[in-house]
Amino acid sequence: MPDLTLHGGVGSRVDTEIEVKRSKFLCRLVRTETKDSTRGAIDDARKEHWSARHHCSAFVLGPSGAPDQVRRSNDDGEPSGTAGRPMLEALSGRGFVDCVAVVTRYFGGVLLGPGGLVRAYSEAVLTTIDEAQSGGLVVGRERRELFRLALSHADAGRIEAELRQRGVLILGTDYGRDAVLHIAGDDAARLAAIVAGATAGSAELEALGHEWVDVER
């Protein structure tokens, strides 16, 4: 399963609300990439919904299979295993990384029992993921080789458009003495051939190493 996350970088957010037997479950899914930004997202939910008793959370930081990937959950006063863990399973089951889910519960007066809580907290996260996906707010996270391509200002616009038409992932452009395209590729030989064709052999790619990047799906 490919790794997925929210489009738009750190701080991107999707919110939904479900109701189960008069209890309201408000879920926010936030793009994070560090423990500090994750704690900040959880704290923001607590401050915004200060009158609620529970602000349960789950997060995954880092790519799947990485030895340093961090996965944590917190029941925040709900019975052990009824909130944070099912939320974490919902995130992982859909392949989401570099995200924190925070579910705030407003009690509606009806006890849900352990099984009901598990279903409600899981549904809250899955509903938010579905909302993000249906809204086109989800991107893949892939490890790609990075390159820079220096071009004259006169040619940069035309060449960039041609590269994009050929499916080349361009992360951005810097303008100085030259126009420098920042490119991510998964096949260096194929990318070099595309660039050679677009520039008539007048420009060469400079390899910069590897990095995890967002890829539109």
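1. Cover of helix H2. The buried residues of H2 are covered by elements that include E3, E4, strand E5 (70-74), E6 and H3. Contact here means heavy atoms within 4.5 Å. Helices (H or I, at least four residues) and strands (E, at least two) are DSSP runs, numbered from the N terminus. Within H2, the buried residues are Gly 84, Pro 86, Met 87, Leu 88, Ala 90 and Leu 91. Buried means under 20% relative accessible area, exposed over 50%, and partly exposed in between (1.4 Å probe, protein chains only). Just after H2, Gly 95 takes a positive phi of about 80 degrees.

2. Basis of the model. This is a predicted model, in which local features need pLDDT of at least 70 and side-chain atom pairs count only at pLDDT 80 or more, while totals for chains, interfaces and linings use all residues. Residues are numbered from 1 along each chain as its sequence is written, and side-chain values use heavy atoms, with hydrogens and water left out.

3. H2 against H3. Two packed helices are described by the angle between their axes and the distance between the axes. For H2 and H3 the angle is about 30 degrees, and the axes are 8 Å apart. That makes H2 roughly parallel to H3. Axes are lines fitted to C-alpha atoms, for helices over the stretch in contact, and angles run from 0 to 180 degrees between N-to-C directions. Angles under 35 degrees count as roughly parallel, over 145 as roughly antiparallel, 65 to 115 as roughly perpendicular and the rest as oblique. H2 and H3 cross in a right-handed sense. A crossing is right-handed if the near helix is turned clockwise from the far one by less than a right angle, and left-handed if anticlockwise.

4. Residues of that contact. H2 supplies Pro 86, Met 87, Ala 90 and Leu 91, which meet Val 118, Tyr 121, Ser 122, Val 125, Leu 126 and Ile 129 in H3. By class, the contact of H2 with H3 has 9 nonpolar, 1 polar and no charged residues. Ala, Val, Leu, Ile, Met, Phe, Trp, Tyr, Cys and Pro count as nonpolar, Asp, Glu, Lys and Arg as charged, and the others, Gly among them, as polar.

5. The largest core. In soluble globular proteins, nonpolar side chains tend to be buried together. Here the largest nonpolar core has 29 residues, and Phe 96 and Val 125 have the most contacts inside it. Two or more residues each come from strand E1 (4-6), strand E2 (13-20), strand E3 (23-31), strand E4 (54-61), helix H2 (84-93), strand E6 (99-106) and helix H3 (113-134). H3 gives the largest share, 7 residues. A nonpolar core is a set of buried Ala, Val, Leu, Ile, Met, Phe, Trp, Tyr and Cys residues joined through side-chain atoms within 4.5 Å. Leaving aside neighbours within four places in sequence, Val 125 is in contact with Cys 27, Met 87, Ala 90, Leu 91, Ala 101 and Val 103. Apart from this core lies another, of 16 residues, among them Ile 159, Val 168, Ile 194 and Ala 203.

6. H4 against H5. The axes of helix H4 (residues 153-165) and helix H5 (residues 188-199) come within 10 Å and cross at roughly 140 degrees. H4 and H5 are therefore oblique to each other. H4 passes H5 in a right-handed crossing. Arg 158, Ile 159, Glu 162 and Leu 163 of H4 make the contact with Ile 194, Val 195, Ala 198 and Thr 199 of H5. The residues of this contact divide into 5 nonpolar, 1 polar and 2 charged.

7. Val 30 is in strand E3 and is buried, at 8% relative accessibility. Its C-alpha atom is separated by 7.0 Å from that of Ala 41, 11 residues apart along the chain. Asp 98 is in the loop between H2 and E6. Asp 98 also counts as buried, at 8% relative accessibility. The C-alpha atoms of Asp 98 and Thr 32, 66 residues apart along the chain, are separated by 5.2 Å. Not counting residues up to four places away in sequence, Asp 98 touches residues including Val 30, Arg 31, Thr 32, Glu 33 and Arg 141.

8. Positive phi outside glycine. Arg 22 is not a glycine, yet has a positive phi of about 75 degrees. Arg 22 sits in the loop between E2 and E3 and is exposed, with a relative accessible area of 55%. Ala 200, not a glycine either, has a positive phi of about 55 degrees. Ala 200 lies in the loop between H5 and strand E10 (206-216) and is exposed, with a relative accessible area of 71%.
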